2 protein chains.
Amino acid sequence: MLNDLHHADIAEILDELDFDEATYIFKVLDSEKTAEILLELEDDLRENILRRLSAKEIAEELDELDTDDAADIIAELPQSKMEEVISELEDVEHAKDIVDLLRYDEDTAGGLMGKELVKVNVNWNVLTCVKEMRQQAEHVTRVHSIYVVDDEDRLKGRLSLKDLLTTSTKTPISEVYIKKVDYVKVDTPDVEVARIMQKYDLEAIPVVDEMGRLVGRITIDDIIDVIKEEADKDYQLAAGISQDVEADDSILELTRARLPWLVLALFGGFVTVHVMGLFEAVMKEHGKLFFFTPLIAAMAGNVGVQSSAIIVQGLANNAITGTLAQRLLKELSLSLLNGFILAVILFLGSHFLLGFEFAIGEVVAIALITVIITASLIGTFIPIVLNKYGIDPALATGPFITTSNDILGILIYLNIARVILGF
Amino acid sequence: MLNDLHHADIAEILDELDFDEATYIFKVLDSEKTAEILLELEDDLRENILRRLSAKEIAEELDELDTDDAADIIAELPQSKMEEVISELEDVEHAKDIVDLLRYDEDTAGGLMGKELVKVNVNWNVLTCVKEMRQQAEHVTRVHSIYVVDDEDRLKGRLSLKDLLTTSTKTPISEVYIKKVDYVKVDTPDVEVARIMQKYDLEAIPVVDEMGRLVGRITIDDIIDVIKEEADKDYQLAAGISQDVEADDSILELTRARLPWLVLALFGGFVTVHVMGLFEAVMKEHGKLFFFTPLIAAMAGNVGVQSSAIIVQGLANNAITGTLAQRLLKELSLSLLNGFILAVILFLGSHFLLGFEFAIGEVVAIALITVIITASLIGTFIPIVLNKYGIDPALATGPFITTSNDILGILIYLNIARVILGF
């Protein structure tokens, strides 16, 4: 029954089973589909299945796959098995391409690209071109663009399938090809490739080496994965999760991703305890002040996260314009407005809702507005500065910003109380 | 100079200028490019430029665009101008298609699809097909797939360009076409379309109406926007931003997006103040306990956000397996492990680092582990339940979860103190 399903559906079903069942079913499935299924499986299960396959069996699967996907799977194998598998690959050209791809860093264009592409020589005519393409297309699942190269394999331009369909067969390629072609270099970072492909609405982009020779192409489906991974990573950092984990990862993996930020937050908490300790003497007369510390700290944290998230997202989408000073000035106006409204609510709430005396209401209201301004400026400033120094600004969201704003918020609050109440 | 640039680059430059300058430059640019530029501009600027163009001028721009893009721009116009623009459209077929697209909700397949596609009749042969395609391709920027329909325009399957390139011209289409074709209905939600296209690695998907007739196609570039918007939205909700805003939006828009969550958090803060107020009598003897409330609240908030983020992301990626009970049990083990490690650090830290007495250390350590367990169970439970009832689980991250965990954390902490210290 499974053999009739799409490979992505089979992979989804196997992911739900335990390793032994899934591996068993994988082994009895139609061999045409297993290579594609392997690609779609979750990492743990794939690792498990690969461990139970011989080098020859793995090589058979890889022979079915595109070079970039095959290289991704080989890269997951232990060194010794990797070499064994490569030596078992049947198609020598394919094997050469895969080995070539293994050289590149996975976060670069080289690591994303595949070798399957259709290219034609600038000196041919449309007829030769169509003939050659028919042959090349055998090895290419989807024809995105036809790249035009010179005798040295240097990228000169591209040919659209549509133009090819609508041009007479005798026309020389040099007359119909489009000289303007977007491309990336093998060492272009993957996020930059994603940015370029999105901006110019490309479905595939050619990759050239240091000498301008066409060495591969990247297709949009690989870019979608890059975009999703980036978004997921930013989201996880904002939530205080320090490495890529999924709900189904092991408890140990999840702990490794979560505990570091929690320890950081705990040490930040020590500082808040210490700061309040400094004001212990005030407790006798103004003990009620301490009821407001979690509120002030929480508001500082929330405002800081909001500000930093907007900046981080703006940086990711290339949508931050103006200077740092302009940005801070805008954030200042914004936090003055928000801060004022919230301070009024807090003042009225502390008095009428919670029954605190006027002086306390005054202190907490003034403290709140000050804390909101400070927190939002810090939330704006830190990611922009991190970004300027090449550090991922997403680090500045989540526990880091909430913890530092907690500390600062309580410090500001108690000092404002000291000035106003005169202790 | 601008006329030599790619339209996406020109749009990026215009976005940096003020409205008057940008509108002026837009008007003097080569009219071939202006339609595409219009598409790429930021919303505010586009709105501003459209306001300064006559209905006839707008219609001229729209005549250059694909139906889906043209419909998106028309939908932004005020009702009266919309009708005027439509009546000015030159190409009647194009106008009909655009009006047709305006019927659909923008969050559905109908709202995403374009009318430009290449379709062939199942009764033709390859030769007729290629001839017809040449003609149809004139109106289609990119040929993704060739759809096969019957005489009633009902979707029967698809033809790959590659097969067409490699098959003899006399072959009837009915012999070469692929009967299995993924498709969506006009009312399929956009996120579902995105899920299907990603899962099956599709670059385009046909859209059919209630009767199975082919009415349009959705391409992967539109899906990338859906994926990015979803990710951005989840990220913003996690950061306490309640509607889609960008760093460059006005202060009023930003306030509208940020203030509601802050007000919610402030009211949550009132509750924490009230809870601590209930324990005011304890302050004389055990005042030091109050130094730890921000720490406990912050840890509860951080743990809750981590747990909910992992679930929200898992739900978004369809990667949550097992029952709710299994999920909670896993979270329980995880939080026991994390909680124990953190409680030990807190116990030692409170004693040796901060010099608190043994009893306080004991209370805060026990409270911390309890609070971490509670917060992580709540962080897991709430998004799963929201999702079950069709509410966006991302609402459960950010200020909502931190605020409720603040309250609960402090409540648990002070009650554990009451039991242990016996007041």
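Q: In which loop of chain A does Asp201(A) lie?
A: In this predicted model, Asp201(A) has a positive phi of about 55° although it is not a glycine. Its relative accessible area is 28%, so Asp201(A) is partly exposed. The residue lies in the loop between helix 13 (190-199) and strand 5 (204-208) of chain A.

Q: Which residue just after helix 13 of chain B takes a positive phi?
A: Helix 13 of chain B spans residues 190-199. Its buried residues are Asp190(B), Val193(B), Ala194(B), Ile196(B), Met197(B) and Lys199(B). Just after this helix, a positive phi of about 55° is taken by Asp201(B).

Q: What is the phi of Asp153(A)?
A: Asp153(A) is found in the loop between strand 2 (146-149) and strand 3 (155-159) of chain A. Its relative accessible area is 25%, and Asp153(A) is therefore partly exposed. Asp153(A) is a residue other than glycine, yet its phi is positive, near 75°.

Q: By what turn can chain A be laid on chain B?
A: In general, two copies of a chain are related by a rotation about an axis and a shift along it. Here the shift along the axis is 0.0 Å and the RMSD is 0.1 Å, with a turn of 180°. The two copies are thus related as by a two-fold rotation axis. In chain A, the C-alpha nearest this axis, 2.3 Å from it, is that of Pro294(A). The turn asked for is 180°.

Q: How many residues of chain A are in contact with chain B?
A: The contact joins residues of chain A to 111 residues of chain B. On the side of chain A that touches chain B, the residues divide into 57 nonpolar, 27 polar and 27 charged. The number in chain A is 111.

Q: What area do chain A and chain B bury between them?
A: The size of an interface is often given as the accessible area lost when the parts come together. Of the area buried here, 64% is on carbon and sulfur atoms. Tyr235(A), Arg258(A) and Phe291(A) supply 8% of the area that chain A buries against chain B, more than any other three residues. The area buried between the two chains is about 10,200 Å².

Q: Which helix gives the largest share of the side of chain A that touches chain B?
A: Between the two chains there are 28 residue pairs in polar contact. The largest share of the side of chain A that touches chain B is 18 residues. These come from residues 251-278 of chain A, which form helix 15.

Q: How many salt bridges are there between chain A and chain B?
A: Side chains of opposite charge can pair when their charged atoms come close. Over all chains, the structure holds 38 salt bridges. Between chain A and chain B, the count is eight.

Q: With which residue does Glu12(B) form a salt bridge?
A: The closest N and O atoms of the pair are 3.2 Å apart. The pair crosses between chains, from Glu12(B) in helix 1 (residues 7-16) of chain B to helix 13 of chain A. Glu12(B) counts as partly exposed because its relative accessibility is 39%. The partner, buried at 14% relative accessibility, is Lys199(A).

Q: How far apart are the closest N and O atoms of Asp9(B) and Lys199(A)?
A: Asp9(B) forms a salt bridge with Lys199(A). Lys199(A) counts as buried, at 14% relative accessibility. The closest N and O atoms of Asp9(B) and Lys199(A) are apart by 2.5 Å.

Q: Is Asp209(A) buried or exposed?
A: Asp209(A) forms a salt bridge with Arg213(A), with the closest N and O atoms 3.0 Å apart. Arg213(A) has a relative accessible area of 34% and is therefore partly exposed. Asp209(A) has a relative accessible area of 8%, so Asp209(A) is buried.

Q: Where is Thr219(A) placed in chain A?
A: Thr219(A) counts as buried because its relative accessibility is 6%. Leaving aside neighbours within four places in sequence, Thr219(A) is in contact with His144(A), Met197(A), Glu203(A) and Ala204(A). The place of Thr219(A) is in residues 214-219, strand 6.

Key:
Residues are numbered from 1 along each chain as its sequence is written. Chains are lettered from A and ligands numbered from 1 in the order in which they are written. This is a predicted model: local features need pLDDT of at least 70, side-chain atom pairs count only at pLDDT 80 or more; totals for chains, interfaces and linings use all residues. Side-chain values use heavy atoms; hydrogens and water are left out. Copies are superposed by least squares on the C-alpha atoms of residues with pLDDT of at least 70 in both. Contact means heavy atoms within 4.5 Å. Buried area is the accessible area (1.4 Å probe) that two parts lose on being put together, summed over both. A salt bridge is a side-chain nitrogen of Lys or Arg within 4 Å of a carboxyl oxygen of Asp or Glu. A polar contact is a pair of N or O atoms within 3.5 Å; within protein, one must be able to donate a hydrogen and the other to accept it, and residues adjacent in sequence count only if both atoms are side-chain atoms. Helices (H or I, at least four residues) and strands (E, at least two) are DSSP runs, numbered from the N terminus. Ala, Val, Leu, Ile, Met, Phe, Trp, Tyr, Cys and Pro count as nonpolar, Asp, Glu, Lys and Arg as charged, and the others, Gly among them, as polar. Buried means under 20% relative accessible area, exposed over 50%, partly exposed in between (1.4 Å probe, protein chains only).
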